[in-house]
Amino acid sequence: MKIPRWSFITFFLILAVAVIGPMSLSKGPQETVAKPFAPPVWSGGDAPPPFSGNLSPASKEMTIEWDWDAPENLTLRGQLAYDKEVTARLVWTTPEGSKYTLSSFQGSGVWSIDLDARDMTFKTALGIPPFAGATSLLFPSRGLHVLSLEGPSPSEGSLELVLPGGRWGLLGTDQRGRDVLSLFIVGIRVSLLVGISATLIASLLGLSIGLASGYLGGVADNLIMRVVDVLLSIPILPILMVLVGIWGKGLWQLVLILGLFSWMGTARTVRSLALSLRESCYVENLRSIGAGSWYILYRHLLPEAMPVVLAAVSLGVPGAILAEAGLSFLGLSDPRIISWGRMLHEAHGFGAFTAGAWWLIIPPGLGISIICLVFLDMGRSIEEMADPRLRGGGKS
Amino acid sequence: MRSYWSRRALGAVAVLLLVIAANFFLFRIMPGDAVSTIVDPRFSPEAKERLRELFGLDLPLYRQFLIYVRRMLTFDLGISFLSQRPVWEELKSRIPNTVALLGSALLLSSALGTWLGVKAARRRGGLTEKLVLVSGSVSFSFPSFFVQLVLLLLFAYTFPVFPLRGSVSIPLPESAFARALDYLWHLLLPAGSLVILGFGSWAIYVRNLMVKTLGEDFILLARAKGLPEGRILWNHAFRSALPPVLTIFLLALPGIVSGAVITETVFSLHGVGKYLLDSIMGHDYPAAGAAFYILGLLTIVSNLAADAAYALADPRIRVGRRIQR
């Protein structure tokens, strides 16, 4: 069996990530997970990695080996259930041996715990002023810290302790402390959606205009080709910018606008094909046996033009993706929709440079480039399938 | 000769009219009162009345269009909503910056691309050829702003040799020489990035043309005559491949103008493209329309310049026969 080209395999991989990826994320991409501009876990120098651990009826004690400065924050959330009357306390032990009671409980039933080191009540319970940092009290030095549950074992439930680190995830965080990896995965969808649907609109337009122009010929052909020439000789991006600025920044407006301004290339190719087919013997024969224009266009010219259009779709997608990314990069996109271009816009506009946050720039940029390369290669191989003369040599 | 020029001029006029018409209608299809795209509600009643009169807003649409065309052709571009000053005053200082960026990027990338393309065609399979092929396909698929952001990160943040933003230093240096040097220093990274992004596709195109040309009989004849290799390459082969190269120059122009808008945004240059973006973001419609018009005008002018170069390079036009393309 022949192995399909790398680009087809990569395309299906990207498609799979775009569909499955967002579902597999445990948290929404807009959620703040760590401090802003936290570098990726694997690159971050002396900043502490994020930590999380659980207390449950089975393990009533948790030790935390902390080798860094005090973390930014500490949260402890969860519920413990008791079926009899108890007195229980959550105790924090520092490496020096000083003990702090984080929370206590008396009675029976469910003990709900929702602690945040930034809370006033938490600070007053520890006996420190509301403007002091609670974590520097709980983490006075490096070493072993212990969180233990004193009292009888609860019947069920669990507690989760979370220490946000100075490093986060595979790709760090952005200026709002969001996980860049989730943003990156969610962003694939916009690129694919806008790229493919805009190109589909453009190719349909190009196909019908090209067929009409080539088959009708004469004045109509002349007029259409002049329009194409003129449209090809003015810079498109400023027009797109003005249109987006006027019509609004929604996703579907963008798709429509991109589609309306990128049919010219396909129209040209299809037109030259239709022009040569119109003069060919078999079309002349068809006409001589009384076939109508619509019949010839629909049953004969359209199937002939299909491979060309398919290649045009694949070759046109990079253009649409780049245009979408460009417009989003310029800030002309819906700020609520996460896309790779938008990520680059925010990186450029909100201080990624002063933070040296390369992880905000490299992943979306490379993502765009890789998708474009994949579609270019798919387009070329579709072209080769449609036109065997291109096969073989490989090099032009 | 005359037919070539009259057709080119006609084409330029058609594009100009289309740009003006696009401008006119784009800003009038907006929801709400058309007047609101020209007259800011915050203007004083006297100013509103004057603008109404100037733009003939009470006249029928076709009269309005004629007035609009005349205003555009005389660079009377309206009053900015944001700064409340004539738009032309604001654009005037920006045009030289955009022209400098576009001009240097175009000339340098085409020169470098052509030179590398010719070299690659002469030594098939060599290092130059590989470089040309790789850089060409990279420039097709890497978004320009991504490459520029990476360059900015590298050369303005990690190794701070170039400025992070702007067209000139603030405050301006004292002497004229230092000022020119400062301007070049600010221009180098934006223009350089456009060259890096642009030369690859040139080089590929020139290489393909040259490979074809070098296989022709007249090159064999030149070799048989014992002419030096450099002369065959440049005077014979490249000379005959020049007209199609100029055609590509023409086709590439609109894309390069689009690229300039993005480049000016990335490097925060004081140019027309950045002004267009800022105006669109601030809903400053007269300013956005004017910036769009100026960009269109720049494209048309450079189109005509490329046409002139084509006419000089193609003997069929210079001598006066009809051109076949």
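In chain A, the centres of domain 1 and domain 2, taken over C-alpha atoms, are separated by 57 Å; the assignment, which is automatic or from a database, places domain 1 at 51–163 and domain 2 at 180–391. The model is predicted, with local features needing pLDDT of at least 70 and side-chain atom pairs counting only at pLDDT 80 or more, whereas totals for chains, interfaces and linings use all residues. Residues are numbered from 1 along each chain as its sequence is written, chains are lettered from A and ligands numbered from 1 in the order in which they are written, and side-chain values use heavy atoms, with hydrogens and water left out.

The contact between the chains (heavy atoms within 4.5 Å) is summarised here.

| Item, chain B with chain A | Value |
|---|---|
| Residues from chain B | 38 residues |
| Residues from chain A | 40 residues |
| Buried area | about 3600 Å² |
| Salt bridges | 0 salt bridges |

Buried area is the accessible area (1.4 Å probe) lost by two parts on being put together, summed over both, and carbon and sulfur atoms give 82% of it here. A salt bridge would need a side-chain nitrogen of Lys or Arg within 4 Å of a carboxyl oxygen of Asp or Glu.

Helix α11 of chain A (residues 340–349) is mostly covered, with 8 of its 10 residues buried, that is, under 20% relative accessible area with a 1.4 Å probe, protein chains only. Among these buried residues are W340(A), R342(A) and E346(A). The buried residues of α11(A) pack against α4 (180–216), α10 (293–329) and α12 (362–386) of chain A, together with α7 of chain B; helices are DSSP runs (H or I) of at least four residues, numbered from the N terminus. Just after α11(A), G351(A) takes a positive phi of about 80°.

How values were computed:
Buried < 20%, exposed > 50% of the residue type's maximum accessible area, 1.4 Å probe, protein only. Helix = DSSP H or I, 4+ residues; strand = E, 2+ residues; numbered from the N terminus.
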